[in-house]
Amino acid sequence: MSSTTAPLIAVENVGKHFATGGGVGRFGKRAVVHAVDDVSFAIEDGQTVGLVGESGCGKTTTGKMILALERPTFGRILYRGIEITRLGRRYRRAVQAVFQDPSSSLSPRMRVGELITEPLIAQGIGTRKERAERTRELLALVGLPSVSGDRFPHEFSGGQKQRIAVARALSISPELIVLDEPVSALDVSIRAQIINLLQDLQAQFRLSYLLIAHDLAVVEHMSHVIAVMYLGEIVEIGPSERVASDRLHPYTQALMSAVPIPDPTIELKPLPLLGEVPSPINPPSGCRFHPRCPMAMPICSDVKPELKEEASGHRVACHLY
């Protein structure tokens, strides 16, 4: 794969398994959690890929592997065609993150200016004067006054803290930002402001985003590509407008049917999901969704469906197709 044609990020057949702290599984072996299994997708320059699914489906673990906070058990992650384990500081500069709760991700002992300049210092970028100027530029960019740099995070509202987190992520001019539930901890009235800010910054700097969220309305609004995960696997992926309109996988149909519609004349009819999410320690055979699927067939419990292309760029892993 040449670097001139390679996507910004390529996730190739990646899996992450965790050994449990106690207890054993079958045959007396230590039980293993299948957090992510054989996941593949790409993120292009200036593109937002939305990763959606229920809690525990593997979204955040996938994000951590892309951030190089976790090493894959198998498979590989490439940055412009080069495996990220070979890149070190170069990759850390290219990829940053904005997490769900800014109160937890911003040190309460550091002033805002120190929080923003810390990545610059770690990367050896700029003089003290240049870093101070960069901080002022970033605060203005996210809609905060320059005096904010002298204050502590607890002096700001939740939405302002998330703006600070965005400024910090932008400080070293990354190419990709992993957004892990970036607005779910905020008041509804503030969410649209942060979403608009992120989209404006993306257009201005041609940023790429990996948007991890369970709020399908946010994902559909922000994403160019939507990948739907269930129990560690991608069951459907494609252009956002196609996935939103042509919901092929029964799990995608159930998720999308529960999205609120701002029209009181339209009656919501969520599709029923049977039972509970199975344990990732002992995932079902065949299609992992079959125990809960209202359209399951005998083949579903025995044969794992492949992720096949049904339309241009739209792939689904389901025996119905």
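**Notebook: pockets, salt bridges and backbone**

I started with the largest pocket: 22 residues line it, and Gln-96, Ala-97, Phe-99, Pro-119 and Arg-168 lie nearest its centre. The volume of this pocket is about 490 Å³. I noted the rule: on a 1 Å grid over the protein atoms alone, a pocket is an open set of points with protein on both sides within 12 Å along at least five of seven lines, a cavity is a set where a 1.4 Å probe fits but cannot get out, and lining residues have an atom within 4 Å of a point. Grid points are joined across faces, edges and corners, and a volume is the space filled by probe spheres set on the points. Helix 2 (89-94), strand 6 (95-98), helix 4 (112-122) and helix 6 each give at least two residues to the lining of the largest pocket. Helices (H or I, at least four residues) and strands (E, at least two) are DSSP runs, numbered from the N terminus.

**Model and confidence**

I am working on a predicted model, where local features need pLDDT of at least 70, side-chain atom pairs count only at pLDDT 80 or more, and totals for chains, interfaces and linings use all residues. Residues are numbered from 1 along each chain as its sequence is written, and side-chain values use heavy atoms, with hydrogens and water left out. I checked pLDDT, the predictor's confidence in each residue, from 0 to 100. The protein averages 91, and 91% of the residues score at least 70.

**Cavities**

I searched the whole structure and found 2 cavities of 30 Å³ or more. The largest cavity holds about 80 Å³ of space. It is lined by 14 residues, and the closest to its centre are Cys-287, Cys-293, Cys-300, Cys-318 and His-319.

**Salt bridges**

I counted 13 salt bridges in the whole structure. The criterion is a side-chain nitrogen of Lys or Arg within 4 Å of a carboxyl oxygen of Asp or Glu. For exposure, I took buried as under 20% relative accessible area, exposed as over 50%, and partly exposed as in between (1.4 Å probe, protein chains only).

I looked at Arg-76 and Glu-12: they form a salt bridge, with the closest N and O atoms 2.8 Å apart. Arg-76 sits in strand 4 (residues 74-79) and Glu-12 in strand 1, so the pair ties together parts that are 64 residues apart in sequence. Arg-76 is partly exposed at 37%, and Glu-12 is partly exposed at 21%.

Next I took Glu-175 and Arg-80, a salt bridge whose closest N and O atoms are 2.5 Å apart. This pair links distant parts of the chain, 95 residues apart: Glu-175 is in the loop between helix 6 and strand 7, and Arg-80 in the loop between strand 4 and strand 5 (82-83). Arg-80 counts as buried at 19%, whereas Glu-175 is partly exposed at 24%.

Then I looked within a helix. Glu-133 bridges to Arg-136, with the closest N and O atoms 2.8 Å apart. Both lie in helix 5 (residues 128-141), 3 residues apart, about one turn of the helix. Glu-133 is partly exposed at 35%, and so is Arg-136 at 40%. I also found one network, in which salt bridges that share partners join Asp-37, Glu-233, Arg-288 and Lys-304.

**Helix 1 and positive phi**

I checked helix 1 (residues 59-66): 6 of its 8 residues are buried, so the rest of the structure largely encloses it. The buried ones are Lys-59, Thr-61, Thr-62, Gly-63, Met-65 and Ile-66. Ala-68 follows helix 1 and has a positive phi, near 65°.

Most residues other than glycine have a negative phi. Asn-13 is placed in strand 1 (residues 9-24) and is partly exposed at 43%. Ser-173, also not a glycine, has a positive phi of about 55°. Ser-173 lies in the loop between helix 6 (158-170) and strand 7 (176-180) and is exposed at 52%.
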